[in-house]
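Please keep the structure open beside them as you read.

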Amino acid sequence: MSTTPLSPARDHLDLPFFEDHHRTLAAELQDWAAAQQVDESDDRAACREWVRRLGEAGWLRYCVPAAHGGALARLDSRALVILRETLAFHSPLADFAFAMQGLGSGAITLAGTPAQQAAYLGAVARGHKIAAFALSEPEAGSDVAAMGTRATARAGAWQLDGAKTWISNGGMADFYVTFARTRADGGARGISAFIVDADRPGLDASEHIHVMAPHPLATLRFDGCQLPGDALLGEVDGGFKLAMQTLDIFRPSVAAAALGMARRAMAEAVAHAKTRRMFGQTLADFQLTQVKLGEMSALLDAATLLTCRAAWQRDCSATRGAGTPAYTAAAASAKLTATENAQQVIDMALQMFGGRGVEVGNPVEHLYRDIRSLRIYEGASEVQLLILGKAALR
């Protein structure tokens, strides 16, 4: 997406959900992000460049705890929200590059041995290793318990067989946190997690997937992929819980990415409305335009409050253990509302541009394609509704 002098609104940072160091982070990141220009015509090359820049500037340090080179003592959801919202405003691909460093290494932060944490987390924080999170399969997306990839114990080692798909950073990651079945009859309780280095024999990540908003995706195929015994991440059969804990931490940040894209669309729409002349006045002079901008503003405000609440609630509950029922519902509400509302805001912004809105190269056309996947990945909107429905019945 092209660079722009526009900047996101920051009124919500004055809310009591945030602390002074969060506000300082937001201001410093905004100045840095606004100054970056990356050629994104090749999504894989651009993602590598974003990881390099984010690492050199120190922003990836927010993806890991301070004990391993991170910026803060523990993963901080409010900081992640600020980072993703700001990056997504300027470049959804930069947001993607940042987010995958956190999501791809999050399980190592939560359950890794000291040796695993030392081997991977510092390199992630510096941008020296690219991370990936391999959970979804061709027949197991929202239904994680249906996964068929198998991990077989063999003389103190492991062998992986099966396939993963829709894997972000697939084909360019240095390692994949991979989930596989270790017990045939265990359902969700028979899944374990493994760290799979990209150069392991038996792993093929060459099958790239092309999508409407280009970013690195691939199908991973494991054919007798041999892993050492210490590749196991966390407890045997504890992978499902670990995957859900990891997703819970980052779910409010998905909402924040949607907010960043929606704020950019609204900023573009406001700037366009003030300068576009028709019938002897500007587009902004029409009451219908003002009504639409008012609706966009209300949708953004509602999503912002839910997102900030969820991030704050997660940080407050971190000492009691992430994934408490109240937080899980709050995160689901934030992810659902922010992504659905952002889709509406961006659609209204595109409509305001008329024919120019669908012209390739226009920021709102780019955003229109970028936002759509956020309603699907890391828990589709329908899954978030199920979480909320079950919470209401408890």
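1. Let us begin with Trp166, which is found in strand 3 (helices, H or I of at least four residues, and strands, E of at least two, are DSSP runs numbered from the N terminus). Trp166 is not a glycine, yet its phi is positive, at about 60°. Most residues other than glycine have a negative phi. Trp166 counts as exposed, because its relative accessibility is 52% (buried means under 20% relative accessible area, exposed over 50%, partly exposed in between, with a 1.4 Å probe and protein chains only).

2. A word on the source: this is a predicted model, in which local features need pLDDT of at least 70 and side-chain atom pairs count only at pLDDT 80 or more, while totals for chains, interfaces and linings use all residues. Residues are numbered from 1 along each chain as its sequence is written, and side-chain values use heavy atoms, with hydrogens and water left out.

3. Strand 3 covers residues 157-168 and also holds Ser168. Is Ser168 buried or exposed? Ser168 counts as buried, since its relative accessibility is 15%. Beyond its neighbours within four places in sequence, Ser168 is in contact with Phe96, Met100, Ala132, His215, Pro216 and Leu217 (contact means heavy atoms within 4.5 Å).

4. Asp237 also has a positive phi, about 70°, although it is not a glycine. You will find Asp237 in the loop between strand 8 (232-233) and helix 6. Asp237 is partly exposed, its relative accessible area being 23%.

5. Helix 6 (residues 239-275) packs with helix 4 (residues 92-111) at an angle of about 165°, and their axes are 9 Å apart. Axes here are lines fitted to C-alpha atoms, for helices over the stretch in contact, and angles run from 0 to 180 degrees between N-to-C directions. Helix 4 and helix 6 are therefore roughly antiparallel (over 145 degrees; under 35 is roughly parallel, 65 to 115 roughly perpendicular and the rest oblique). Among the residues making this contact are Gly102, Leu103 and Gly106 of helix 4 and Thr246, Phe250 and Met261 of helix 6. By class, the contact of helix 4 with helix 6 has 11 nonpolar, four polar and one charged (Ala, Val, Leu, Ile, Met, Phe, Trp, Tyr, Cys and Pro count as nonpolar, Asp, Glu, Lys and Arg as charged, and the others, Gly among them, as polar).

6. Helix 4 has a contact with helix 3 too: their axes come within 6 Å and cross at roughly 150°. That makes helix 3 roughly antiparallel to helix 4. Helix 3 contributes Leu80, Leu83, Arg84, Leu87, Ala88 and His90, and helix 4 contributes Pro92, Ala94, Asp95, Phe98 and Ala99. These divide into eight nonpolar, one polar and two charged residues.

7. Where do the buried residues of helix 1 pack? They pack against helix 2 (43-57) and helix 3 (77-90). The buried residues are His22, Leu25, Ala26, Leu29, Gln30, Trp32 and Ala33. An α-helix has 3.6 residues a turn, so residues three or four places apart point the same way.

8. Finally, please look at Leu388 in helix 10 (residues 381-393). Leu388 is partly exposed, with a relative accessible area of 24%. Leu388 and Ala332 are 56 residues apart in sequence, while their C-alpha atoms are 6.9 Å apart in space. Not counting residues up to four places away in sequence, Leu388 touches Ala329, Ala332, Ser333 and Leu336.
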